Structure formats: C-alpha cells, structure tokens
Amino acid sequence: MKARELGKNSVVVGDLVRLDGDISGAEGTLARIVEVLPRSNSLSRTVDDIGAQEKFVAANIDQLVIVVAAANPEPRHGFVDRCLAVAFDQGIKPILVITKSDLANPENFLEAYKALEIESFKSSLPREVRENSQSNLLPANLLSALQGKKSVLIGHSGVGKSTLVNALLQNNARETGDVNLATGRGRHTSSSAHALELPGGGWIIDTPGVRSFGLEHIDRSRIISSFGELAELIERCPKNCSHNESECALNSVPEGSPVALRINGLRRILAAASD
Ligand SMILES: Nc1nc2c(ncn2[C@@H]2O[C@H](COP(=O)(O)OP(=O)(O)OP(=O)(O)O)[C@@H](O)[C@H]2O)c(=O)[nH]1
Ligand SMILES: [Mg+2]
Ligand SMILES: [Zn+2]
C-alpha cells in the first residue's frame, strides 16, 4: 500500500519507489511505499472530461511504442506527430508499430516517417489467424527491439495494443475488445496501465486507449535539439525564429534532399506540438 502523505495519483507504472515495512511478500505482511524517487522522464495525458487536467501515465521510460492501425480505426498523422513531439521532448526513443496491416497497406502512411528514421514495424494479427496458429506471428525483430528496455504502448482505443502484448508474451494476460463496427472506435477495453515482463527481459507497459495527450509542458527547443544535424543551420536563424517563416535558415536547404525531408518532419512535429 501507499503512505497516505503521498496523496492521490502520486505513483505511476515505472516509478522507482522506496518501501518500508515487511517486504518479504509473504501472506499477511504489509509493505508501504513511502517515497517516489525522482523521475528521469514521464508521460502524461490530458484528461479532457475533468477540465484539461494532466494525468501521468508512466515514468522512467526507455521507449515509446506508438501504435496505430492501418485501418479500423484509421491512422492519423496528427496523433503520431504529437507522440513524436512528446518522445523527443522527454528524450524517449520512439518506435512506430502499424497494426492490422492485413486490413490495409500502410506503406503510404509510413512514408512520412522514413526521413525521420523512426524504427517501424508492420504487424498483422487478425483473430482468426491468432486462434489457429501455433507459430509466432509477430513482426521480425519487434521482440528484440523491446527486450531489456522499458517500453510504453500508446495509441487510440481499439488499435490492438493489448493484442500485441498477448502476442509478445505468448499468453492471454490482457483482455482485448472488438472495435465498434458502426463508429470504427475501440471500446476502451483496457482501463489502467500495466507493466508486463517480456520473455528475455525488459518490460512492456500496456495502457488504456488515449484520446489526447498532455502537450502543455512540451519544450520546443528540446524537440529541435533532438535534430542535432540541424543545429549549425539553426544558429543562422533570426532570433526567436519559429522555423516556419520566410527568414528561417532551414529554407536554404534544397527541396527534395534528405535533409529537407527531415526538416519537413521537424516542422510537422513542431506544428503538432503547438496544436
Ligand atoms: N484484423 C486485425 N484485427 C486486429 C489486429 N490486432 C488487433 N485486432 C483486433 O482489434 C480489436 C482491438 O484490439 P485490442 O488489443 O483490444 O485493442 P487495444 O488497443 O488494446 O484497445 P483498448 O484497450 O481499448 O485501448 C480486437 O478485436 C482485436 O482482435 C490485427 O493485426 N488485424
Ligand atoms: Mg487494451
Ligand atoms: Zn528557423
């Protein structure tokens, strides 16, 4: 249990805590969380139904696994870009997983992230195949990209986060729920964040589907400094450049070049961060 002084919502998945009491775990014993150690980073989301309040989802994360479905529900660049803004701001490595690639071809959607060199995976785990197959259906190298790290899955309800967790763990630890056929939306099956240990080590954190992200505390300069190769150019920008104006030094890069494509990506992420 948690010491009362810590207050509500003070401990999230991934927190490192100090315990007091009997930590043997034996039946009938009691240990208390008495302190939450400083976080190296954290993810939060805005809970819109209670007045734009920030709610922490997880802390001390190595990787942010952004999960979008190729279809049902439709993928949205705005969502991925906002997740990337959060990841770059917090210094968390982003990974993109496109689920349901049996329903639509996600190549066009993925094109936007090639220049940003975001590691990405396509997964295809329809129920009929999952139920009738004994073999491992996960995209190659996804498990090894997660092993030894603490990763959080983030995505809208119904994109298949819990399905992915079950495939990674090769069990049915997480409940899954069908997407509503009429609205194309998930049913918010998972209701709280859970960390599960991966085969071979590391942790995967399944989370409830998010509608929106807490972006209030995003620091644009931290996002920009994740694009180290642009630093020299940016020094030539006018003071307080928004990097989206005619005097911006980034405009000097020839259009269509790989660097220009990365600049487009950076501009998209900065725009998403200020939405
Ligand atoms: N066709 C297809 N269906 C999938 C795939 N992955 C998951 N699904 C289905 O999508 C639905 C939603 O899956 P969940 O794993 O519950 O989704 P979730 O992201 O955990 O949803 P919340 O817990 O509500 O946030 C289920 O009916 C799954 O069977 C896939 O690769 N292909
Ligand atoms: Mg779920
Ligand atoms: Zn500029």
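Guide: Ala, Val, Leu, Ile, Met, Phe, Trp, Tyr, Cys and Pro count as nonpolar, Asp, Glu, Lys and Arg as charged, and the others, Gly among them, as polar. The model discussed here is predicted. In these classes, the lining of the largest pocket has six nonpolar, 14 polar and seven charged residues.

Visitor: What volume does the largest pocket have, and which residues lie nearest its centre?

Guide: The space in the largest pocket amounts to about 540 Å³. Its lining has 27 residues, and those nearest the centre are K100, G158, G160, T163 and G177. Two elements, α3 (127–132) and α5, each give two or more residues to that lining. The largest share, three residues, is from α5.

Visitor: What makes up the second largest pocket, and which residues lie closest to its centre?

Guide: The second largest pocket has a volume of about 430 Å³. It is lined by 18 residues, of which R130, N166, A167, N171 and N172 are closest to the centre. The elements giving two or more residues to this lining are α3 and α5. By class, the lining comprises four nonpolar, ten polar and four charged residues.

Visitor: How many cavities of 30 Å³ or more are there, and what lines the largest?

Guide: The whole structure holds one cavity of 30 Å³ or more. The largest cavity has a volume of about 30 Å³, and its lining consists of V68, A69, P73, E74, P75, R76, F79, H156 and V159. Six of these residues are nonpolar, one is polar and two are charged.

Visitor: Why are S162 and S190 called donors of the magnesium ion?

Guide: A donor must be an N, O or S atom within 2.8 Å of this metal. The OG atoms of S162 and S190 lie 2.0 to 2.1 Å from the magnesium ion (ligand 2), so both meet the criterion.

Visitor: What does this pair of serines tie together?

Guide: S162 belongs to helix α5 (residues 161–169), whereas S190 is in the loop between α5 and β9 (194–197), so the pair ties together parts that are 28 residues apart in sequence.

Visitor: How do you know whether S162 and S190 are buried or exposed?

Guide: The cut-off for buried is under 20% relative accessible area. S162 has 7% and S190 has 11%; both therefore count as buried.

Visitor: Why is R262 called buried?

Guide: The relative accessible area of R262 is 15%, and a value under 20% means buried. R262 is placed in helix α8 (residues 258–273).

Visitor: What makes V152 a buried residue, and which residues is V152 in contact with?

Guide: V152 has a relative accessible area of 0%, and under 20% is the requirement for buried, so V152 is classed as buried. V152 lies in strand β8 (residues 150–154). Apart from neighbours within four places in sequence, the contacts of V152 are L43, A58, I61, Q63, L64, V65, I205 and T207.

Visitor: How far is the C-alpha atom of V152 from that of N108?

Guide: The C-alpha atoms are separated by 25 Å, and V152 and N108 are 44 residues apart along the chain.

Methods: Residues numbered from 1 in each chain as written. Chains lettered and ligands numbered in written order. Predicted model: local features only at pLDDT ≥ 70, side-chain atom pairs only at ≥ 80, totals over all residues. Heavy atoms only, no water. Donors = N, O, S within 2.8 Å, 3.2 Å for Na, K, Ca; no water. Helix = DSSP H or I, 4+ residues; strand = E, 2+ residues; numbered from the N terminus. Buried < 20%, exposed > 50% of the residue type's maximum accessible area, 1.4 Å probe, protein only. 1 Å grid on protein atoms, 1.4 Å probe; cavity = no way out; pocket = protein on both sides within 12 Å on 5 of 7 lines; lining within 4 Å. Points joined across faces, edges and corners; volume = space filled by probe spheres on them. Contact = heavy atoms within 4.5 Å.
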